Amino acid sequence: MKFSNAIGFLFVFLIDFGTAQLAVLDISRFGGAPNTDITKAFSTAWTQACASTTPVKIIIPAGTYQMSALDVKGPCKAPIEVKVDGTIQAPISQNDLKDAGQWIKFGYIDSFTLSGSGVFNGQGEAAWKLNDCSTNKDCHMLCMNFGFNFVKNSIIRDVTSKDSKNFHVNVLGCNNVTFDGFKISAPANSLNTDGIHIARSTNIKVINTNIGTGDDCISIGDGSKNLTIQNVNCGPGHGISVGSLGKYETEEPVEGLLVKNCTLTETDNGVRIKTWPDTPGTITISDMHFEDLTMVNVKNPIIIDQEYCPWNQCSKKNPSKIKISKIYFKNIKGTSATQEGLTLICSSGVPCEGIEVTDVALTFNGAEATAKCANAKPIITGKAPTCAA
């Protein structure tokens with residue numbers, strides 16, 4: 001009994017000791033008060049947290065704060081959590097962000113958590129009209145809300161990204177990062193405000209997330225592998241897209257995607273793969289799984305477009321060189337806003353291979369939606385639109 005009591009005492013001591021090691025840094029300790037700019041205060045708190053050899057939680061309590069462009073980096077010596085329960089506002093003017101590509105950047109960090117009920121408001125409404133990329137090839141890129149660069153073993157949970165001037169989130173060179181309960185909010189007319197863009201990253205998960213925006217809810221760039229998108233609500237927006245790809249010869253293959261249990265509501269597209277024609281890229285896109293999806297009045301519920309050429313800023317003289325294979329569409333139901341519910345426009349140079357369509361039930365105005373195919377011979381099983389001969 002004495003030995004057991006000693007063990008119990010030691011266990012309690014270790015628990016207390018471990019708890020004591022979790023330092024909590026309230027932003028107010030560094031001069032961060034509501035209705036003030038907390039850029040310097042947060043930077044100071046981050047520097048202290050990053051140097052700590054034990055885990056640290058930085059807290060931004062309820063209230064409204066301002067923040068200029070912020071770029072914090074690791075590597076840090078122990079895990080860091082940033083818990084935000086307030087609303088943080090970006091400068092309204094793009095000029096006040098100077099040359100920052102992302103308003104808030106986290107880079108080169110292992111074991112990072114961003115959590116809380118807080119809102120990161122990019123205040124992009126005044127900037128959206130400056131986006132002239134539809135007519136200007138040399139357009140100036142506006143600032144994104146978030147950049148996660150070379151981050152690994154981390155989670156972004158519950159916080160909201162609102163009204164970004166450009167993409168809401170850019171994920172680059174990351175590994176094992178999860179967005180869980182994340183929220184993205186912007187109106188349908190907010191140009192080029194992709195929700196989450198993922199590139200050259202592995203093992204990224206977007207789960208239990210609501211995204212409403214003016215462009216792709218989630219867009220997947222080159223070099224992305226083993227991605228999971230599950231229990232996501234998308235709308236308004238342009239859907240969940242792989243690409244666009246093929247514009248540059250330095251791009252890397254995309255492989256291993258699961259999109260499952262998602263609902264897309266009144267979006268311009270549902271699930272889409274898009275590549276540029278007449279461009280130098282020669283990568284492959286393979287092992288894409290789109291399963292258990294619901295479409296609600298979606299214009300192009302299922303689409304492969306290898307003649308993607310927005311604003312007619314390219315040529316269709318030569319076909320896309322991107323090879324698409326092993327693509328699976330399974331158990332997709334709902335309503336299409338156009339007659340063609342299934343569109344597979346593949347490259348005449350490298351036709352699609354290994355496309356399987358299983359149990360796809362889409363209606364348009366009460367009738368079954370149709371299919372349009374080129375350079376693709378999908379394997380159809382169960383009930384699904386069939387390509388015209």
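Reply: One place to begin is Pro-75, which is found in the loop between β4 (70–73) and β5. The model is a predicted one. The peptide bond from Gly-74 to Pro-75 is cis, with omega near 5°.

Me: Where is the cis peptide bond that ends at Ser-244, and what is its omega?

Reply: That bond runs from Gly-243 to Ser-244, and its omega is near 15°. Ser-244 itself is found in strand β20.

Me: What makes Cys-50 and Cys-76 a disulfide?

Reply: Their sulfur atoms are 2.0 Å apart. A pair of cysteine sulfur atoms within 2.5 Å is a disulfide, so the label applies. The torsion about the S-S bond of Cys-50 and Cys-76 is about -100°, so this disulfide is left-handed. The pair links distant parts of the chain, with Cys-50 in helix α2 (residues 39–51) and Cys-76 in the loop between β4 and β5, 26 residues apart.

Me: How many disulfides does the rule give?

Reply: The count comes to 4 disulfides. Among them is the link of Cys-346 and Cys-352, whose sulfur atoms are 2.0 Å apart. The torsion about its S-S bond is about -95°, so this disulfide is left-handed. Cys-346 and Cys-352 are both buried.

Me: What is the sulfur distance for Cys-373 and Cys-387?

Reply: The sulfur atoms of Cys-373 and Cys-387 are 1.8 Å apart, and the two form a disulfide. The link has -50° about the S-S bond and is left-handed. Here too the pair links distant parts of the chain: Cys-373 is in strand β30 (residues 370–374) and Cys-387 in the segment after β31 (379–381), 14 residues apart.

Me: Why do Cys-373 and Cys-387 count as partly exposed?

Reply: Cys-373 has a relative accessible area of 24%, and Cys-387 is at 23%. Buried means under 20% and exposed over 50%, so values in between are partly exposed. Both cysteines therefore get that label.

Me: What makes the largest cavity a cavity, and what lines it?

Reply: A cavity is a set of points where a 1.4 Å probe fits but cannot get out. The structure holds 1 cavity of 30 Å³ or more, and about 50 Å³ of space lies in the largest one. Its lining includes Phe-42, Ile-60, Met-67 and Phe-120. β5 (80–84) and β7 (102–107) are the elements that give two or more residues to that lining. By class, the lining has 11 nonpolar, no polar and no charged residues.

Me: How does the largest pocket divide by residue class?

Reply: Its lining has 17 nonpolar, 20 polar and 11 charged residues. About 1400 Å³ of space lies in this pocket. Of the 48 lining residues, the closest to the centre are Phe-167, Asn-192, Ser-244, Lys-247 and Trp-276. The largest share of the lining, 3 residues, comes from β20.

Me: Which residues have the most contacts inside the largest nonpolar core?

Reply: They are Phe-42, Trp-46, Phe-148, Phe-179, Phe-290 and Phe-329, in a core of 93 residues. Not counting residues up to four places away in sequence, Phe-148 touches residues including Phe-106, Leu-114, Cys-174 and Phe-179.

Key
Residues numbered from 1 in each chain as written. Predicted model: local features only at pLDDT ≥ 70, side-chain atom pairs only at ≥ 80, totals over all residues. Heavy atoms only, no water. Core = buried A, V, L, I, M, F, W, Y, C linked by side-chain atoms within 4.5 Å. Buried < 20%, exposed > 50% of the residue type's maximum accessible area, 1.4 Å probe, protein only. Contact = heavy atoms within 4.5 Å. 1 Å grid on protein atoms, 1.4 Å probe; cavity = no way out; pocket = protein on both sides within 12 Å on 5 of 7 lines; lining within 4 Å. Points joined across faces, edges and corners; volume = space filled by probe spheres on them. Helix = DSSP H or I, 4+ residues; strand = E, 2+ residues; numbered from the N terminus. Nonpolar A, V, L, I, M, F, W, Y, C, P; charged D, E, K, R; others polar.
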